[in-house]
Amino acid sequence: MKPKEKILESSFALFREKGFQATGIAEILEKAGAYKKTLYDHFKSKDDIGFEYLNYLSEQQRIVMLKVLGKASDLSDFIDKWVNFIVRNQRNTSRKDCPIALFSGEISHLNQFDTYRNRAVQHVLETVEICILKFEPDLRSDLVKSLSYELYMSYLGGLRLYALTKDRKVIERMKSQMIHSAHRLIKA
């Protein structure tokens with residue numbers, strides 16, 4: 001693995017485990033087995049690594065959704081499989097929540113991240129639109145956008161509430177709400 005990749009991999013693991021604010025450059029270098037000069041050859045600051053992390057998170061979310069999309073028979077089935085996949089992956093981490101939302105919450109006071117955060121969210125919303133259009137290709141574009149927002153908002157809120165309560169019923173309610181939103185807007 002190249003030094004830049006080692007630094008990114010180490011940083012991402014630490015950000016997931018401890019959070020962005022609690023991760024120091026020295027920890028990143030130690031975990032990556034890299035020198036300070038090597039880090040600064042590739043990144044101006046830890047913020048630059050954070051920008052890369054947001055891009056990575058949104059791309060990972062896209063990969064997951066498109067993978068699930070390939071196995072789904074209709075939009076309701078997609079929602080069910082997507083949520084189940086996310087919840088299964090939540091079991092393996094102590095920081096339960098949408099990774100983009102979790103990271104964005106940590107950096108919300110840092111204005112230099114605004115553009116990157118907005119781009120990451122937009123990337124996810126566009127992926128949700130792709131998934132909707134696979135099953136509803138004739139749906140008006142304004143309804144596709146509305147449904148994309150509703151699904152993503154339900155997802156974010158449901159995962160946050162699940163993270164707080166650890167109540168599996170929250171996940172089932174989230175799925176039901178997402179499926180209900182899909183049916184309502186598709187019939188509009």
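## Salt bridges and the domain interface

User: At 17% relative accessibility, does D77 count as buried or exposed?

Analyst: This is a predicted model, in which local features need pLDDT of at least 70 and side-chain atom pairs count only at pLDDT 80 or more, while totals for chains, interfaces and linings use all residues. Residues are numbered from 1 along each chain as its sequence is written, and side-chain values use heavy atoms, with hydrogens and water left out. Buried means under 20% relative accessible area, exposed over 50%, and partly exposed in between (1.4 Å probe, protein chains only). At 17% relative accessibility, D77 counts as buried.

User: Which residue meets the side chain of D77 in a salt bridge?

Analyst: A salt bridge is a side-chain nitrogen of Lys or Arg within 4 Å of a carboxyl oxygen of Asp or Glu. At 2.9 Å, N to O, D77 meets K81.

User: How many residues apart in sequence are the parts that E129 and K145 tie together?

Analyst: Side chains of opposite charge can pair when their charged atoms come close. E129 is buried at 13% relative accessible area, whereas K145 is partly exposed at 43%. Their closest N and O atoms are 3.3 Å apart, forming a salt bridge. E129 lies in helix α7 (residues 114-135) and K145 in helix α8 (residues 141-165), so the parts tied together are apart in sequence by 16 residues.

User: What N to O distance is found in the salt bridge of R184 and E150?

Analyst: R184 is partly exposed, with a relative accessible area of 39%, and E150 also counts as partly exposed, at 21%. Their side chains meet in a salt bridge with an N to O distance of 2.5 Å.

User: How many salt bridges does the structure hold?

Analyst: D80, R168, E172 and K175 are linked in a network of salt bridges. For the structure, the number is ten.

User: Which three residues supply 43% of the area that domain 1 buries against domain 2?

Analyst: The domain assignment gives domain 1 (1-43) and domain 2 (45-187); such bounds come from an automatic or database assignment. Buried area is the accessible area (1.4 Å probe) that two parts lose on being put together, summed over both. Between these domains it is about 1400 Å², of which carbon and sulfur atoms give 68%. On the domain 1 side, more comes from these three residues than from any other three: F12, F20 and F43.

User: Which helix gives the most to the side of domain 1 that touches domain 2?

Analyst: Across the interface, the rule finds five residue pairs in polar contact, both residues being at pLDDT 80 or more. A polar contact is a pair of N or O atoms within 3.5 Å; within protein, one must be able to donate a hydrogen and the other to accept it, and residues adjacent in sequence count only if both atoms are side-chain atoms. α1 (3-18), α2 (25-32) and α3 (36-42) each supply at least two residues of the side of domain 1 that touches domain 2. With eight residues, the helix that gives the most is α1.

Notes:
Helix = DSSP H or I, 4+ residues; strand = E, 2+ residues; numbered from the N terminus.
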